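Please read these notes with the structure open beside you. They go point by point, one part of the model at a time.

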Amino acid sequence: MTATTSKPLPQSEATPLGQQLRGLLAFLGSQEFILALGIVLLSLAVYADNPRFGAERNLLSILSNSAYIAVAALGMTVVIITGNIDISVAALLGVLGTIAGQLAVHDYPIWLAWLAPIVFGILIELFIGFLVAYLRIPAIVATLGMMSVLKGGLIFVTGGAWIYDLPKGFFLAQRQPLGIPMPIYFMFALTLLMAIWMRYSATGRAIYAVGGNREAARLSGISEKRILMTVFGINGLMVGISTILFATQFTTIQSTVPPGVELTIITAAVIGGVSILGGSGTVIGAMLGAILIRTIQSGMIFVNVSAYWLQAVQGLLILLTVLVDIFRRRRQMSAIGK
Amino acid sequence: MTTQEAPQERSNLQLSIRNAFLGQEGVLVVIMVIAVIVLSFTSENFLTVDNLLNQARLMTEVGLIALPMTYIIITGGIDLSVGSIFGFSAVMLGWLWKEQSFPLEAAILASIVIGTLSGLLNALFIVYVRVPPIIMTLATLALYRGMAYGISQARSARGYPDWFFQFGQRDFLGIPTQIWFLIVASIFAWILLARTPFGRGIYAIGNNEIGARFSGIPVNRYLLFIYVFAGFMSAVAAFLFTSRVSTTRADSGTGMELDVIAAVVLGGTSIVGGSGTIHGTLLGLVLLQLLKNGLSLSGVKGDATIVVIGVVLILSILINNYIQKRFRQ
Amino acid sequence: MQPILELNHISKKFPGVQALDDVHFDILPGEVHAIVGENGAGKSTLIKIISGVYTADEGMMHLEGQGEVQFNSPREAQQAGIATIYQELSLYRDLSVAENIFTGHLPRRRFGAVDWPMMRQQAREILHSLEIYDLDVNRKVGMLSVGNQQRVEIAKALSRNARILIMDEPTAALTESDVEQLFKIVRLLQERNVAIIYISHRLQEIFTLANRVTVLRDGQYIGTKQVAETTEGELISMMVGRTVDNLFPKLETEIGAPVLAVRNLWRKPFTLGVDLTVHAGEIVGLAGLIGSGRSELAQVIFGISPAKSGQVLIDGKRVKINHPGDAMRLGIAYVPEERGSQGLIRQMTVQENLTLAVLRSLTQGPFVDRNAEKTLAQQMIEQLRIRAYSREQIVNKLSGGNQQKVVVGKWLASRPRILIMDEPTRGIDVGAKAEIHRLMSELAMQGMAVLMISSEMPEILGMSDRIVVMREGKVAAEFSRAEATQEKVATAMMSEQNGSGDATVIPSQDPTPVSGGMSQQ
């Protein structure tokens, strides 16, 4: 057992070559690389079975369909890093979409219809943050309650009616600059921005710190409450943007909550490598997670597996990732003698 | 005797603690009485035997699952997958009978076994792999619901024989049959929690799991049991539900975990564990059903009533927290 | 030379304990000043006052260049140039080495962005200045060995320009080669005029490393010595030098046949091949420093963390204990060290706690027999003179001594033949202490086998028929009641070489236990 050897651990050999090699190995073992590899291999396998899968139009549509999930998963990742969770996102998505649609259909300026979901998204999530950070309600229950309030409220107010006759300019997600659907730009740009922000801003690092070692974070003067508010605020921003991509993709908006979407978003975040125990995770992983789910979904259609199995696959994916995460942490612990 | 040597102010303190507890259930009863009075004035249909029995019929399924959920939340855990186990078991009942030509009796039995096994899967990972209950049951929330959709291909099964409806639509000794299930299960659950070493162990785990282990309480076995029990009760509830609505669909029980958790928390069980009672949960359940009934009588459509449940859930946690804080001082 | 830090007349009281009483301490720049004392002597309290975790009730702290100071938070002490490395390292496992070094003061560029290249560069420079060349600043700290994590902590302290570095038992969890590395770094820091306050139980380390050493005992200042002018023997007698008063009514007992015996018991990393025997009617005192593996041994025997190999014999018969239930069935009871977290369910009542361990035998059919429960609780309350308003009182509202009596009562209710008591009188008042000692003695007279773990020397010497000393996971020495003295026991606890010829020295095969921090089991 390593715990009783008195030899220093292998990190002592640090020749430049050794460092490069280790860097390479770390990259190959990273969640991002595994996910990317998974997406590619899966695509190839489906393609081998049914070449129509490889059509440019299909590949673009997979990416485009991933976008709103991916953007919401960015926010979810940040929330989960602090050891919390938000299961009200789908309900929020439905409410915000209806707000945007109603504004647009009642001849408010288009920019306002796009801005409103972002503003309301941030406000509602800040309220959730307040419940969690200041009133100490566990995030799971606070968001479960919020979910039903939003969901029920939406039906109460609108009766689940469809919104038709939206103005032409509203359909942001249908635009295709340079032949590439707009959501794809959003997905990549936001992921990049968030990745940079999480890595290079002091707040970004503080978020990891709060999730990783609450006590130590407190000792180094980081305010947990303020970080939690920030985190839920960011989640609101991301859900707001996600709503725009979601609500502008079809010519009508249904004033209901898209079923099961919160699970898809959480799945994307979790298989993207965010640790359920808090403290680690990357937003690039979350984006790749969203793409993987959409690839599986599309692939199932092409190989004639019923799409009704998708949710079961998502459940298995979460379970698998969580198990790998737990065992990986255990191995780490025993490797350093803890 | 040494017990009387303590200063007198302790006794006042204890009285106030007792009052706080009494207060919590007392408040529920008062709210319930007010709700009944208000409802009976606003709608003449409310205070009729038919309506009340029908409301009791409607709350049975949530009530059955709320019993094990009370145990789970007292230990500081949670089970989000109960609605999915419910849907999965219902679908399996219909599918085994209709598509696999099982005798209906066997299909019922098998669906209950399947629900119990679903609970067992949760339990094994939570207890032995130490996956946090939130995450485990969130994953199986997706998994079991997905199984329900996948196996049924979203086709519903209907056309059950007449005797099957005895459980969900008819009466036994003058009251709806499924209420008997709830009564028996409640008594069983109440005795188990209030009168057996197991119940004491559940509270001990919720207050201090390490202390419970150090006292030789079989913590793992108890935890295993409560999650399995939740699976079993979800499946029984699914069977009664199928009999009540005459059809099985893959989306049965979607969002049911919300009602169940709300009833438990409204009944005074602390969301962080350690305290709670079965009679509190039953009070919470009744109150919740009264609220729903009142809303629907005043013309609010079914799905919209969940707003109130959400608000009730959050408010009752806030009130709980407040009481706990006062109780500590 | 002017002291960089000087403390005078420092006192600190906690409920029921005078942790520090009129203590003096000073340290010069570039000096390594060790603080020694037994468990509970007040070392931790002293360094927590210096590092701003506690504030002193009385006394003054004088910091060079700043005059009179008082720190109200760890942050204030950090800003004044005082850094502390605790045994439990406060690092972020998921952040890189460089980030950990600069937590709280990351180098920034415009717009508040973290300047990564600058941070890495500076992190490397700090590490190089400590002659550490083999640590990749991009690695996650969670992947490092304990020794390397500690180096990161030291670098972190230096990045804040610490002038005073407090190290609390820095070698407790290190391997031998890591210890050498650490000493090298300490000497480098000395050359840079950093003052180092060094807490350690290992006396040889103090003689290799320190310039001066201050001895504390029971919260009192005993003295400060130049290391060059003192000896191990002198330090030990300063640390333990008190008279054993006759507080403990140890009764003479008839020692019977062996009841509990363990043979070559292993569970890494704290139990490394232990042999131990306890006879009927005997009180065996298990002495040792914190971290020597005493509580862990008790928990192995009680089945909380079952043994990986070795034998447990009850009445000479081999038994298997895999969880506390097994141990209880064999007549073993364990009064644990941590009353609050391990011994009691504090939110429950006195009665519920007293009957918790035996509830499953107090049943009529499947139900708890409430009358039997009441009777038992009442009996225990009277037998142990537990002062509670009623059986229904919440345990948390009782005094420490009465809480401890509830824990003891809970286990006596199980009618054990073997009673393991872990720090049975820690943090309780004198009266309750005497009662517990009397009880222990009476139980032994009735033929119970008692294994008592204690960090209090008078308790060990006063109560035990036989004293077993553990060090680093092994039995280091054994003394009969007659031959035991404070010096002999303390020497066996702290020192590699054994001072006394008549002590039984168990040869050790594997002298380097490695552990990360404390065991939480």
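1. Start with burial in chain C. Buried residues account for 53% of the 521 residues in this chain. The model is predicted, so treat each value as computed from that prediction. Chain C has 17 helices and 22 strands. Take the contacts in chain C between residues at least 6 apart in sequence: 68% of them join residues at least 24 apart.

2. Next, the domains of chain C. The domain assignment gives domain 1 (5–240), domain 2 (253–331 + 416–515) and domain 3 (348–415). Note that domain 2 is written as two stretches, 253–331 and 416–515. How far apart are the centres of domain 1 of chain C and domain 2 of chain C? Taken over C-alpha atoms, they are separated by 33 Å.

3. Now the confidence in chain C. Its mean pLDDT is 82, and 90% of its residues reach 70 or more. Among the elements of chain C, strand 20 (residues 449–453) has the highest mean pLDDT, at 94. Helix 8 (residues 232–240) of chain C has the lowest, at 79. Look also at residues 498–521 of chain C, where pLDDT stays under 50. For that stretch the model has 56 contacts beyond four places in sequence.

4. M448(C) sits in the loop between helix 15 (430–445) and strand 20 of chain C. Is M448(C) buried or exposed? It is buried, because 24 other C-beta atoms lie within 10 Å, and the cut-off for buried is 20 or more. Leaving out residues up to four places away in sequence, M448(C) touches R417(C), L419(C) and L443(C). R202(C) is another matter: the C-alpha atoms of M448(C) and R202(C) are separated by 35 Å, and the two residues are 246 apart along the chain.

5. Turn to chain B. It has twelve helices and four strands. Its radius of gyration is 21 Å, close to the 20 Å that the globule rule gives for 329 residues, so chain B is as compact as a globular protein of that length. Along its principal axes, the C-alpha trace of chain B spans about 70 × 55 × 35 Å. Of the 329 residues of chain B, 54% count as buried. Among contacts in chain B between residues at least 6 apart in sequence, 77% join residues at least 24 apart.

6. How confident is the predictor in chain B? The pLDDT of chain B averages 85, and 91% of the residues score at least 70. Over residues 1–13 of chain B the pLDDT is below 50. Beyond near neighbours in sequence, this stretch has 16 contacts in the model.

7. Now see where chain B meets chain A. Here 36 residues of chain B are in contact with 38 residues of chain A. Which elements give two or more residues to the side of chain B that touches chain A? They are helix 5 (133–152), helix 10 (256–266) and helix 12 (306–328) of chain B. Helix 5 of chain B supplies the largest share, twelve residues. By type, the residues on this side of chain B divide into 26 nonpolar, seven polar and three charged.

8. Stay with helix 12 of chain B for one residue. L315(B) has its place in this helix. L315(B) is partly exposed, because it has 13 other C-beta atoms within 10 Å. Compare sequence and space: L315(B) and A250(B) are 65 residues apart in sequence and 32 Å apart in space, C-alpha to C-alpha.

9. Two helices of chain A close the list. Helix 6 (residues 139–158) has 20 residues, which should span 28 Å at 1.5 Å a residue; its end C-alpha atoms are 28 Å apart, which agrees. Helix 6 of chain A is mostly covered, with 16 of its 20 residues buried. Just after helix 6 of chain A comes G159(A), with a positive phi of about 65°.

10. Helix 11 (residues 261–271) of chain A is largely enclosed by the rest of the structure, because ten of its eleven residues are buried. Among them are E262(A), T264(A) and I271(A). Just after helix 11 of chain A, G273(A) takes a positive phi of about 105°.

11. Last, the overall scores. The model scores ipTM 0.80 and pTM 0.80.

Note on methods. Residues are numbered from 1 along each chain as its sequence is written. Chains are lettered from A and ligands numbered from 1 in the order in which they are written. This is a predicted model: local features need pLDDT of at least 70, side-chain atom pairs count only at pLDDT 80 or more; totals for chains, interfaces and linings use all residues. A residue is buried if 20 or more other C-beta atoms lie within 10 Å of its own, exposed if 12 or fewer, and partly exposed in between; C-beta atoms are placed from the backbone. Two residues are in contact if their C-beta atoms, placed from the backbone, lie within 7 Å. The expected span of a helix is 1.5 Å times one less than its number of residues. Ala, Val, Leu, Ile, Met, Phe, Trp, Tyr, Cys and Pro count as nonpolar, Asp, Glu, Lys and Arg as charged, and the others, Gly among them, as polar. pLDDT is the predictor's confidence in each residue, from 0 to 100. Domain bounds come from an automatic or database domain assignment. The radius of gyration is taken over C-alpha atoms; the globule rule is 2.2 Å times the number of residues to the power 0.38.
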